[in-house]
Amino acid sequence: MRERVVVKWGGGLITEKAELKTANHSVIDRLAAELTEVVNNGIDVVLVHGAGSFGHLKAKQYRLAEGRTEEEIEGPMTQDEAVTAVRNDMIELNDHIMAALTAQEISAVRLPPHDWVHGTGLDFEAKFDLFNSAPSGIVMVTFGDVVSRDAPFDFGILSGDDLVARLVQELHDVKRLVFAMGGVDGVLRHAPKEGEAQELIERLNPDTNFTGEHATEMDVTGGIGLKVKRGFDAAKHECDVMLINGEVPGRFTSACLGHEVIGTRLTVP
């Protein structure tokens, strides 16, 4: 059987978080080029990406992670209009990624979660047969999204980190999960501060202490803490899990191929 790798491109890596709806094309194009080498090595890839400046700000303003609320929300849109707007924004970001893959002659299929997922968190309901039945060599692409939920919530935010953990559990022959992040080499002992050296945790187990940074003014999906938690969920299924700096050329390819690379490897008893 062909190996399969699930990868997550973080929103802070592929977008300019400080600028609304601005893709980081140089990073996206390079990651797509690196993905070519992975595919050419006979590995099937499922690519999940985050939202960055394309989703989090509107989702935060209109409290979409909480579901439907009767409280008044300041802004020009209703919550239902914001749901549609965020979904459209995510498709717009995904268009940039699909274009970069096409430029590298990578065959890819987009699967927006609002079309095949119901519910949020790790226990969401989904049509995973869409992935298991995919032909070899086709990169399946999905992303964090606004999805339907049972009443009275009606909708909510499905994190890409929850997605990758379930994909590892539900898909056949997943050998590795790679989180490609921006700005850090992996999980740090303490949140990075300007002028201070970063202490990288090269091997992280559930008992390791670290202090993560969560951009609460923007991020609605849990930051580094959720990545680590869902990474451990994946590691329990005999899957190698790495968190690496996607801004450093070559590291993403090396991690996907299972080579030694600077980053954080998650280990479970």
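The lining of the second largest pocket divides into eight nonpolar, three polar and four charged residues; here Ala, Val, Leu, Ile, Met, Phe, Trp, Tyr, Cys and Pro count as nonpolar, Asp, Glu, Lys and Arg as charged, and the others, Gly among them, as polar. The model is predicted, so local features need pLDDT of at least 70 and side-chain atom pairs pLDDT 80 or more, while totals for chains, interfaces and linings use all residues. Residues are numbered from 1 along each chain as its sequence is written, and side-chain values use heavy atoms, without hydrogens and water.

A pocket is an open set of points on a 1 Å grid over the protein atoms alone, where a 1.4 Å probe fits, with protein on both sides within 12 Å along at least five of seven lines; lining residues have an atom within 4 Å of a point. Of the 15 lining residues, Arg4, Asp44, Asn132, Ala134 and Ser136 lie nearest the centre. Strand E2 and helix H5 (129–132) each give two or more residues to this lining, and E2 gives the most, with three. Strands (E, at least two residues) and helices (H or I, at least four) are DSSP runs, numbered from the N terminus.

E2 also belongs to an open sheet of eight strands with mixed pairing, in the order E3-E6-E2-E1-E9-E11-E12-E10. Strands E3 (108–110) and E10 (203–204) stand at the edges with a single partner strand each, so one side of each has no neighbour in the sheet. Two strands pair if DSSP finds at least two bridges between them. E10 runs parallel to E12 (residues 264–266), joined by two bridges, and Arg203 has Arg265 of E12 as its bridge partner.
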